[in-house]
Amino acid sequence: MQRVHNFNAGPSAMPLAVLQKVQAEFLDFAGTGMSIVEISHRSERYQQLQEETKQTLRRLLHIPDGYHIIFLQGGGSLQFVMHSANFLRRRGAYVNTGVWSDKAMAAAAAYGEVYEAASSKKDGFSYIPRLTEGAIREATDYLYITSNNTIHGTQWASYPKVSVPLFGDVSSDFLSRPIPIERFDFLFAGAQKKYRSGRRGGCDYKRFVSSRGQSRCTGHVAL
């Protein structure tokens with residue numbers, strides 16, 4: 001078999017050595033006598049794998065101890081709902097730089113007031129707009145940005161310093177460059193974009209980093 005060059009935005013291309021290890025352990029994961037797709041998420045071996053994964057992320061991204069890492073199902077659209085369902089109490093500010101930030105703001109509108117602190121929409125999302133003085137209004141709960149916009153070809157070269165909690169969708173450039181984690185209060189990334197395969201068996205995991213904020217939700221949208 002001849003491998004091809006895979007430049008898809010997602011699912012991510014996987015190193016051949018990783019695929020071969022998955023193949024070798026697919027019927028018997030880590031000596032459990034079960035496949036990784038069969039093993040209980042409550043089992044000791046799976047919990048060990050999850051903890052190892054968290055520690056690897058902390059090492060690669062230099063995530064401070066004060067941040068929590070959690071893995072969630074649901075796809076990107078659910079994350080657009082979850083950030084606002086948990087943290088939008090008064091109003092949320094958005095830098096609108098493309099399709100995904102536009103959708104996130106629309107989803108958040110169901111939970112409270114949202115507004116554009118900056119936008120390049122009228123120019124076809126052809127650039128990252130500047131945050132001008134006074135762009136963030138009083139009683140704003142957070143500023144939400146999308147770090148990279150694959151559809152429009154724009155990317156934040158550096159992240160803004162603001163007086164409110166900074167939220168970030170870093171799905172499309174996650175683990176491709178350093179992220180100053182301590183500047184953010186909340187981050188999420190779609191796993192399949194940069195560091196794993198796509199949805200399999202309904203498992204499309206998402207990753208969050210959160211340093212502060214208390215959920216007001218219960219059930220499937222609570223953090």
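Predicted model: local features only at pLDDT ≥ 70, side-chain atom pairs only at ≥ 80, totals over all residues.
# Chat on the fold, cores and charged pairs

Me: How much of the chain is buried?

Reply: Of its 223 residues, 40% count as buried. As for contacts in the protein chain between residues at least 6 apart in sequence, 54% of them join residues at least 24 apart.

Me: Which residues touch the most other members in the largest nonpolar core?

Reply: Ile63, Leu143, Ile145, Phe174, Ile179 and Phe184 do, out of 24 residues in that core.

Me: Which elements supply at least two residues each?

Reply: α2 (44–61), β2 (91–96), β3 (113–119), β4 (140–146) and β8 (186–190). β3 gives the most to this core, with three residues.

Me: Take Ile179. What is it in contact with, leaving aside neighbours within four places in sequence?

Reply: Ile179 is in contact with Leu61, Tyr159, Val170, Phe174, Phe184 and Leu187. Apart from this core lies another one, of twelve residues, and Leu88, Tyr94, Ala104 and Met105 are among them.

Me: Back to β4. Why call it largely enclosed?

Reply: Seven of the seven residues of β4 are buried, so the rest of the structure largely encloses the strand.

Me: Which way does β4 pair with β2, and over how many bridges?

Reply: β2 and β4 pair in the parallel sense, over four bridges. Leu143 in β4 has Ala93 standing opposite.

Me: What about β4 and β7?

Reply: β7 (residues 166–169) is joined to β4 by four bridges, and the two run parallel. There the bridge partner of Ile145 is Gly168 in β7.

Me: Is His83 buried or exposed?

Reply: His83 counts as buried, at 0% relative accessibility.

Me: What does the side chain of His83 reach?

Reply: The backbone oxygen of Phe80, at 2.9 Å. Not counting residues up to four places away in sequence, His83 touches Leu88, Tyr94, Ala104, Ala108, Tyr142, Tyr144, Phe167 and Phe186. Among them, Leu88, Tyr94 and Ala104 belong to the core of twelve residues.

Me: Now charges. How many salt bridges are there in the whole structure?

Reply: A search finds six. One of them pairs the side chains of Glu113 and Arg91, at 3.2 Å from N to O. This pair links distant parts of the chain, with Glu113 in strand β3 and Arg91 in strand β2, 22 residues apart.

Me: Which residues are linked in a network of salt bridges?

Reply: Arg91, Glu113 and Arg137 are linked in a network. Glu113 counts as partly exposed, at 34% relative accessibility.

Me: And Lys121, what does it form a salt bridge with?

Reply: Lys121 forms one with Asp102, and their closest N and O atoms are 3.1 Å apart. Again the pair links distant parts of the chain: Lys121 is in the loop between β3 and β4, Asp102 in helix α4 (residues 99–108), and they are 19 residues apart. Lys121 is partly exposed, with a relative accessible area of 43%, and Asp102 also counts as partly exposed, at 23%.

Me: What else is Asn96 in contact with?

Reply: Leaving aside neighbours within four places in sequence, Asn96 is in contact with Ser101, Asp102, Met105, Glu116, Ala118, Ser119, Ser120, Lys121 and Phe125. Lys121 also forms the salt bridge with Asp102.

Me: Last one, α4. Which residues of it are buried?

Reply: Ser101, Ala104, Met105 and Ala108. Seen down the axis of α4, these buried residues fall within an arc of 95°, so they line one face of the helix.

Methods:
Residues numbered from 1 in each chain as written. Heavy atoms only, no water. Core = buried A, V, L, I, M, F, W, Y, C linked by side-chain atoms within 4.5 Å. Buried < 20%, exposed > 50% of the residue type's maximum accessible area, 1.4 Å probe, protein only. Contact = heavy atoms within 4.5 Å. Pairing = 2+ DSSP bridges. Polar contact = N/O pair within 3.5 Å; in protein donor to acceptor, adjacent residues only side chain to side chain. Salt bridge = Lys/Arg side-chain N within 4 Å of Asp/Glu carboxyl O. Arc of directions from axis to C-beta.
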